[in-house]
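Take a moment with the sequence and the model. Then read on for a short tour of charges, a helix and some loops.

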Amino acid sequence: MSSKEAVTELISTRSCGGCTACCKTHAVVELDKEPFTWCKHCNIGEGCSIYGRHPTDCKEYFCFWRKDARYLTENDRPDRLKVVIDHHRVPFRYGRSVAMVIFREVESGAMEQPRVKEIKAKLSSAGCSVTVDILFNEEPRIYFADFCILSPSEKRLLIMQLPSI
């Protein structure tokens, strides 16, 4: 995953199926739903009870597992891994962008799994400059890769520009 590469296409052999992890981890403004609470329309492990009439944010959202087969296996589906992973390109200064991956826990302690640590290491070695861990009841933790060449003031500026997490 080079710093200029963005994953935009879905993997045709992967579908959400019974995974409803994002229905817990993500906020949905249209439904006034806070992050880390189950959506009132979610049939956990089955799907959305208002599918077809569900909010635009939900219709347009696809986790990194739906988009990437290089780093994530079939067993890394969020309901199995207990972590929802998102990949973003954050526009930055001078026409540059920064690769950022956000890890959201579905269950407390899931970030400590060896497999999650392995995924983080692979993404970092592939050029992901920033990772953000979002754990239960804690503020996001932002990590910059050792190879990240941003100055401290650029890092602060980038943090202020991060998408709503």
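Is Asp 32 buried or exposed? Asp 32 is exposed, with a relative accessible area of 67%. The terms have cut-offs: buried means under 20% relative accessible area, exposed means over 50%, and partly exposed lies in between (1.4 Å probe, protein chains only).

This is a predicted model, in which local features need pLDDT of at least 70, side-chain atom pairs count only at pLDDT 80 or more, and totals for chains, interfaces and linings use all residues. Residues are numbered from 1 along each chain as its sequence is written, and side-chain values use heavy atoms, with hydrogens and water left out.

Asp 32 lies in the loop between helix 1 (22–25) and strand 1 (42–43). Helices (H or I, at least four residues) and strands (E, at least two) are DSSP runs, numbered from the N terminus. Phi of Asp 32 is near 55°, a positive value in a residue other than glycine.

Lys 82 is another such case: its phi is positive, about 70°, and Lys 82 is not a glycine. Lys 82 sits in the loop between helix 4 and strand 3. With a relative accessible area of 27%, Lys 82 is partly exposed.

## Salt bridges

Side chains of opposite charge can pair when their charged atoms come close. A salt bridge here is a side-chain nitrogen of Lys or Arg within 4 Å of a carboxyl oxygen of Asp or Glu. The structure holds 10 salt bridges.

| Pair | Closest N to O |
|---|---|
| Arg 77 and Asp 79 | 2.7 Å |
| Lys 117 and Glu 112 | 3.4 Å |

Glu 107 is partly exposed, at 40% relative accessible area.

How exposed are the other partners? Arg 77 is buried, with a relative accessible area of 13%. Lys 117 is partly exposed at 46%, and Glu 112 is exposed at 55%.

Some charged residues form a network. Salt bridges link Asp 76, Arg 115, Glu 118 and Lys 122.

## Helix 5

Helix 5 has 12 residues. From its first C-alpha to its last, helix 5 reaches 17 Å, close to the 16 Å expected at 1.5 Å a residue. The expected span is 1.5 Å times one less than the number of residues.

Which residues of helix 5 are buried? They are Arg 115, Val 116, Ile 119, Lys 120 and Leu 123. These residues are on the same side of helix 5, because they cover an arc of only 140° around the axis. The arc is that of the directions from the helix axis to the C-beta atoms. An α-helix has 3.6 residues a turn, so residues three or four places apart point the same way.

What covers this buried side? The cover includes helix 3 (64–67), helix 4, strand 3, strand 4 and strand 5 (130–134). The face turned away from the buried side carries the exposed residues Pro 114 and Ser 125. Just after helix 5, Gly 127 takes a positive phi of about 115°.

Lys 120 also meets a ring. Lys 120 lies over the face of Phe 103, at 5.2 Å from the ring centre. A charge sits over a ring if NZ of Lys or CZ of Arg is within 6 Å of the ring centre and within 35 degrees of the ring normal.

Asp 57 is found in helix 2 (residues 56–60). Asp 57 is partly exposed, at 40% relative accessible area. Contact means heavy atoms within 4.5 Å. Leaving out residues up to four places away in sequence, Asp 57 touches Val 29 and Glu 30.

Ser 49 is in the loop between strand 2 (47–48) and helix 2. Ser 49 counts as partly exposed, at 42% relative accessibility. Again leaving out residues up to four places away in sequence, Ser 49 touches His 41 and Asn 43.
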